[in-house]
Amino acid sequence: MSDGDKIDALEKQVEKLTRQLGILQDEQAVRKLHHIYGYYLDKCLYSEVVDLFAEDGEVQFMRGIFKGKTGARRLYIDRFRANFTGGKNGPVYGFLLDHAQMQDVVDIAPDRKTAQ
């Protein structure tokens, strides 16, 4: 194998490993976002929950679809915060909200622009 062939092979390997590393980093970022969401929700930090959503994000809750930050705000602040914490952003003494987050399966799209 010539030096040029070895360099080409190494460049292909580096490209492949770089892509694999990027996918793993994307998966970890999605998992972290998922866990931050759960933490904020359990602590009744509804403003912070809304901040996690993209402008084109979507929440599906009890047969309703809440679109964008405006929709997320309607659900988490106008509904949850108003009903669960009396309009207060943050934990309220005596109120326990605990969401188990299990079956953490993350699939990154081949173009790495979206995930499920």
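**Salt bridges and a hairpin**

At 27% relative accessibility, Asp104 comes out as partly exposed (buried is under 20% relative accessible area, exposed over 50%, and partly exposed in between, with a 1.4 Å probe and protein chains only). This is a predicted model, where local features need pLDDT of at least 70, side-chain atom pairs count only at pLDDT 80 or more, and totals for chains, interfaces and linings use all residues. Residues are numbered from 1 along each chain as its sequence is written, and side-chain values use heavy atoms, leaving out hydrogens and water.

**Salt bridges**

- The whole structure has 3 salt bridges (a side-chain nitrogen of Lys or Arg within 4 Å of a carboxyl oxygen of Asp or Glu).
- Asp104 pairs with Arg31 at 3.0 Å, N to O, and this links the segment after α3 to helix α1, 73 residues apart (helices are DSSP runs of H or I, at least four residues, and strands are runs of E, at least two, numbered from the N terminus).
- Arg31 also meets Glu27, at 3.9 Å, N to O; these two sit 4 residues apart in helix α1, about one turn.
- Arg31 is partly exposed at 23%, while Glu27 is buried at 19%.
- Arg112 and Asp26 form a salt bridge at 2.6 Å, N to O.
- Arg112 is in the segment after α3 and Asp26 in helix α1, so their contact ties together parts 86 residues apart in sequence.

**Hairpin**

- Strands β1 (58–61) and β2 (64–67) run antiparallel, joined by 4 bridges (pairing takes at least two DSSP bridges).
- Glu58 has Lys67 as its bridge partner in β2.
- The hairpin has 2 residues between its strands, and Met62 in the turn has a positive phi of about 45 degrees.
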